[in-house]
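Hi,

Here is the structure I promised to pass on. Have a look at it first, and my notes follow below.

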Amino acid sequence: RLPFASDLEDTPPHVDFEGCVAAATAAAAEGVARFVLISSASVTQPSFALHMTRNSLMGRIMDWKLLGEQGAAKVYDAVQQSTARDLSLTIVRPGYLSDDPPGGARSLLVDTGDNLTGSIPRTDLAAVCCEAVLNEDAKGLVFEVVSGKQGGNYPVCSSYDSVFQSLKHGYLPMGGGAMCGGSTPSLRGLCGGPDFLPTC
């Protein structure tokens, strides 16, 4: 993914933008009802350390990830409207990925305002994505997830069902909300980002 990689097809513009849009286009064309896209926490926060570090070292990868989110969302929205199919896209924004042992649903912090920072075991992220495919409450959500201590400002979620319920119904710690208004983010809330990126 480095900007000077010898294989020019393995760079952020090709993988995180064109690849995302191509995958979403192919899936929607085949009528794939549930598409889960893994992006990154802090993708809309250029002043956050995660965003700055990844952008500096990896060819503005965060900017391309955001553009990939927007492109995939537009594809699924357009196909759904034109065909009246029941299609949905869920965007998961994890923190740093770790090789730590999984903690399960009880170890996860979730939010929708792109304010979470931290890390998450790869196994837990994989479980979240698999559950998002199956859980009706995950349809159309855009959310961040990291590992942390539940309780206090964060809902206690004993299962993945309760994780997605807290996201869908707005039981969130930081006010969450769609990036462009509303109480719960959806594909239509994918606006903003760096100035050079188009808005939806």
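**What I found**

Let me start with Q165, which sits in helix 5 (helices here are DSSP runs of H or I with at least four residues, strands are E runs of at least two, and both are numbered from the N terminus). Q165 counts as partly exposed because its relative accessibility is 38% (buried is under 20% relative accessible area, exposed is over 50%, partly exposed lies in between, with a 1.4 Å probe and protein chains only). Q165 is 27 residues from A138 in sequence, and their C-alpha atoms are 8.0 Å apart.

Before the rest, some housekeeping. This is a predicted model, so local features need pLDDT of at least 70 and side-chain atom pairs count only at pLDDT 80 or more, while totals for chains, interfaces and linings use all residues. Residues are numbered from 1 along each chain as its sequence is written, and side-chain values use heavy atoms, with hydrogens and water left out.

On confidence (pLDDT is the predictor's confidence in each residue, from 0 to 100), the chain averages 82, and 80% of the residues score at least 70. Helix 5 (residues 160–168) has the lowest confidence, with a mean of 88, and strand 1 the highest, at 97. The pLDDT is below 50 over residues 172–200, a stretch with 72 contacts in the model beyond near neighbours in sequence (contact means heavy atoms within 4.5 Å).

Strand 4 runs antiparallel to strand 6 (residues 142–147), and four bridges join them; L109 has V146 in strand 6 as its bridge partner.

Last, a helix pair. Helix 2 (residues 49–57) packs against helix 3 (residues 61–83) at about 105°, with the axes 7 Å apart. That makes helix 2 roughly perpendicular to helix 3 (65 to 115 degrees; under 35 is roughly parallel, over 145 roughly antiparallel, the rest oblique). L50, H51, R54 and N55 in helix 2 meet I61, M62 and D63 in helix 3.

Cheers

Terms used. Axes fitted to C-alpha atoms, helices over the stretch in contact; angles between N-to-C directions. Pairing = 2+ DSSP bridges.
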